[in-house]
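I opened this entry to record what I looked up on ring contacts and overall fold. The model is shown below.

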Amino acid sequence: MAKEHSDKLRITEIFYSLQGESRSVGFPTVFIRLTGCPLRCGYCDTTYAFQGGEWYSEEKILEEVARLFGSNKTSQYVTVTGGEPLAQKNCQNLLKRLCDSGYTVSLETSGALDVCDVDSRVVRVMDLKTPASGESAKNRWENIDCLTEQDQVKFVICDRNDYDWATQVFNDYKLSERCEVLFSPAYKQVQERELAEWILEDKLAVRFQIQLHKILWDEEQGR
């Protein structure tokens, strides 16, 4: 990173929308999308965040978040996402400052990078990459030991093999004893009803979720 940007983050977009996934689905949320990702998942829907973006100081980010919330003081959810946000070293301090500002903060991360030093107030929504993603070899399995009951593990399921793999991981690591687990159908790759029926057939203690923002706005950027 260039010296003149040592205290900044590269940002693709900051926008206000409804949370489309995770435990806080449906809540009005400000999203901070950081630029860059070391992974190339086959189902990625934010490839536009791989490069480009603009350099923002932490102060400018906080000012934009406050502006988007305006006078709303009752629902102040902030999600830091990407790309892979933890690929930028200043992400950790941004998360801390968002928490210090009184926001309810979540981090959407691939799980390929170390999540153990993330501020304990942040809800970590961590993907475990399935075989069909093409990036399962990059899962950092030791991250699981750092998760707490406020965190969530997400599996994006592309086919039956992914489902069987995710179920095996769920059981082997006893994930239901550690945190909430989310199973999500990859957009337009597996039928939502089909995945729901697999979960019910196996009586799997996971939360089935569909990407609400895709239902409402398809793949429109900034939504």
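**Aromatic pairs**

I noted Phe 27 and Tyr 77 as a stacked pair, at 4.8 Å centre to centre with 25 degrees between the planes. This pair links distant parts of the chain, 50 residues apart: Phe 27 is in the loop between strand 1 (8–18) and strand 2 (28–34), and Tyr 77 is in strand 4 (residues 77–81). Helices (H or I, at least four residues) and strands (E, at least two) are DSSP runs, numbered from the N terminus. The model is predicted; local features need pLDDT of at least 70, side-chain atom pairs count only at pLDDT 80 or more, and totals for chains, interfaces and linings use all residues. Residues are numbered from 1 along each chain as its sequence is written, and side-chain values use heavy atoms, with hydrogens and water left out.

I then checked accessibility, where buried means under 20% relative accessible area, exposed over 50% and partly exposed in between (1.4 Å probe, protein chains only). Phe 27 is partly exposed at 38%, and Tyr 77 is partly exposed at 25%.

I next recorded Trp 141 and Tyr 173, whose ring centres are 5.3 Å apart with planes at 10 degrees, so the pair is stacked. Trp 141 is in the loop between strand 6 (123–127) and strand 7 (152–157), while Tyr 173 is in the loop between helix 3 (160–172) and strand 8 (180–185), 32 residues apart. Trp 141 is partly exposed at 27%, and Tyr 173 is partly exposed at 36%.

Which residues do ring pairs link into a cluster? I listed Trp 141, Phe 155, Tyr 163, Trp 165, Tyr 173, Phe 183 and Trp 198.

**Charges over rings**

A charge sits over a ring if NZ of Lys or CZ of Arg is within 6 Å of the ring centre and within 35 degrees of the ring normal. I found Arg 160 over the face of Trp 198, at 4.9 Å from the ring centre. Arg 40 lies over the face of Phe 50, at 3.7 Å.

**Overall fold**

I counted five helices and nine strands, in the order β-β-β-α-β-α-β-β-β-α-β-α-β-α along the sequence. The C-alpha trace spans about 50 × 35 × 30 Å along its principal axes. Of the 223 residues, 49% are buried.

Notes:
Phe/Tyr/Trp six-rings, centres within 6.5 Å; stacked < 30°, edge-to-face > 60°.
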